[in-house]
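Colleague: I have a model open and want to learn how to read it. Can we take a few features in turn?

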Number of protein chains: 2
Amino acid sequence: MNFNQVTIIGFGLIGSSIARVLRRDCPAVRIVCGDSSLDVCKKALELGIANSASTDLAEAVQGSDLVVLAVPVGACGGVAEAMAPGLKQGAVVTDVGSVKQAVIASVKRHLPDYVDFVPAHPIAGTEHSGPEAGFAELFQGRWAIITPLPETPLNAIETVTALWESAGSNVEFMEPRRHDLVLAITSHLPHLIAYTIVGTASDLEDHLKADVIKFSASGFRDFTRIAASDPVMWRDIFINNQEAVLEIVQRFTEDLTGLQRAIRWGDGRVLQDMFARTRAIRRQIIDAKQADYRYPNQLSALVPQPEALRKASGS
Amino acid sequence: MNFNQVTIIGFGLIGSSIARVLRRDCPAVRIVCGDSSLDVCKKALELGIANSASTDLAEAVQGSDLVVLAVPVGACGGVAEAMAPGLKQGAVVTDVGSVKQAVIASVKRHLPDYVDFVPAHPIAGTEHSGPEAGFAELFQGRWAIITPLPETPLNAIETVTALWESAGSNVEFMEPRRHDLVLAITSHLPHLIAYTIVGTASDLEDHLKADVIKFSASGFRDFTRIAASDPVMWRDIFINNQEAVLEIVQRFTEDLTGLQRAIRWGDGRVLQDMFARTRAIRRQIIDAKQADYRYPNQLSALVPQPEALRKASGS
């Protein structure tokens, strides 16, 4: 990576993790934090993962070879507009958003033609937020999808590829439209469903809710981790990938209605056939090395027990 | 535990794990495997976790002090009927089903009045099935819910309590009706939703499905493990807890429709408020020590990476 200075706008989980990758791999690079929150700017300096910080985004990008937008997707357009006057000739601008078409539409029109935009999306995260939640290993072994524009020059694509490879990610190239559809299925729908089910439980009468929390390990708990993800980030994702999300929610609802009907009429055949099919998908994911096949005595990893968990988290 | 002989009917994941607990804790106890599958009977003997085995259930229960039904909930009535003639006077009969009211109704009427029935439900499992998938630690640190009948004598309840305490479980007592409602929310609905979402994905066009598997770590993967659970077991659970499941599915669907509408109309406030509420529920589960709060550098535990996973599973 051949940068003198990199600006990261938005020093949350993702932005601060990228800063930590740069600190680790390119200690000579100057890192500038641009964030609308003065507290976050201070924290970035305090943590030693930025050399300077500013809430003025045009100032923050001045002189930077690479600018990374790591803000919620709904904020990308406004950030691009605000920083544009400060962008250096030949700078590469990239982002990390979970939606590509809407971000491209909102960012591109604000950028001067002497900078290059490379839309990207590292598929990584935790349910924690903020500059302290980041860590350099976040992207290790994960996918980073780059969705180049027809006009993006090869060297700009290579710059962003180098960043993600340095972070330990496997880089993939995709069309923006396809990215948004695939992510609607693999990420946005699962999050929407998890938010819904946890919301449904949170509306229960108090005495029932206490038991739901107590016995959450029987399935519910798996959904609560996902449903603890950043609210603003996810609000923006759903609204900005509206078309693909609504299409896939519609399919999901039809399928759920079918199962609901089978339960009401006691149609065991429909249920059993469906459940046998879904088991096969798990097998394919294991075969694709995206999950493992744990077996006897691997239980503590499979269904974490409170004691083991406390040990694992070092508390 | 004061048994000479225990019969376990159904030597799958749960039944064979109970056998392993007994082998470990009461090596003098004779274990009888009752299973309608001759292959499973042979396997139980081969694994050394049963002293004898029979596909004739009345024969299998003869002389046993404790009989554990570890078959899918829809099979409990038929099993009770088949084994009844062989039951010894004063025997304790228990089960492990995830539904209690329907099992009580179907089992009780077949049992002679000289045996005692103690309905129970260990909240434990993996997505694997069969006698080889079991292990003695399966129940360690997990809940075991006992839902005694008004006529169940205390000593029979104590017998079943001792079994689960020996397995390392925390025993709780509950009314059958409440059990079925709480489990509908914490376990049955999450499983139904996971089955649905994985089913929706499995209906996608092939080229899209390949990408869904490839990028499954972005949320979808968490659902596939749950949706790989035993198809017959889950078919029976949904059909036998129909009322509670349909009630909670109805609430879920209403809530999902509300979010769908907010996405369509771009109503970010509704989404963000909801997502902030669900984050609070996660916090309560962590406070209740039913999940941990992993933080930076605990990522390998949080979002398993293929390499780490292969190591963990020892392959």
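Modeller: Start with burial. A residue is buried if 20 or more other C-beta atoms lie within 10 Å of its own. Keep in mind that this is a predicted model.

Colleague: Which residues of H1(A) are buried?

Modeller: They are A:Leu13, A:Ile14, A:Gly15, A:Ser16, A:Ser17, A:Ile18, A:Ala19, A:Arg20, A:Val21 and A:Leu22. That is ten of the 13 residues, so H1(A) is largely enclosed by the rest of the structure.

Colleague: What covers the buried residues of H1(A)?

Modeller: The cover includes four strands of chain A: S1 (5–9), S2 (30–34), S4 (66–69) and S7 (120–122). Helices H2 (38–46) and H6 (154–166) of chain A are also among the covering elements.

Colleague: What span does H1(A) reach from its first C-alpha to its last?

Modeller: Helix H1 of chain A runs over residues 13–25 and reaches 18 Å. That is close to the 18 Å expected at 1.5 Å a residue.

Colleague: Now strands. Which way do side chains point?

Modeller: In a regular strand they alternate between the two faces of the sheet. Take S4(A): A:Leu66 and A:Val68 point one way, A:Val67 and A:Leu69 the other way. All four are buried.

Colleague: In which sense does S4(A) pair with S1(A) and with S5(A)?

Modeller: S1(A) and S4(A) pair in the parallel sense over four bridges. Here A:Thr7 stands opposite A:Val67. S4(A) also pairs in the parallel sense with strand S5 (residues 92–95) of chain A, over four bridges. There A:Leu69 stands opposite A:Asp95.

Colleague: Which residues have the most contacts inside the largest nonpolar core?

Modeller: A:Ile9 and B:Ile9, in a core of 206 residues. Beyond its sequence neighbours up to four places away, A:Ile9 touches residues including A:Val67, A:Val68 and A:Leu69. A:Val79 and A:Met83 are also among its contacts.

Colleague: One last case. Why does A:Pro190 count as buried?

Modeller: Because A:Pro190 has 26 C-beta neighbours inside 10 Å, and the cut-off is 20 or more. A:Pro190 sits in helix H7 (residues 176–202) of chain A.

Colleague: Which residues does A:Pro190 touch, leaving out those up to four places away in sequence?

Modeller: A:Ile226 in chain A, and B:Ile197, B:Gly219, B:Phe220, B:Asp222 and B:Phe223 in chain B. As for A:Pro148, its C-alpha is 26 Å from that of A:Pro190, and the two are 42 residues apart in sequence.

Notes. Residues numbered from 1 in each chain as written. Chains lettered and ligands numbered in written order. Predicted model: local features only at pLDDT ≥ 70, side-chain atom pairs only at ≥ 80, totals over all residues. Core = buried A, V, L, I, M, F, W, Y, C linked by C-beta atoms within 7 Å. Buried ≥ 20, exposed ≤ 12 C-beta atoms within 10 Å, placed from the backbone. Contact = placed C-beta atoms within 7 Å. Helix = DSSP H or I, 4+ residues; strand = E, 2+ residues; numbered from the N terminus. Expected span 1.5 Å × (residues − 1). Pairing = 2+ DSSP bridges.
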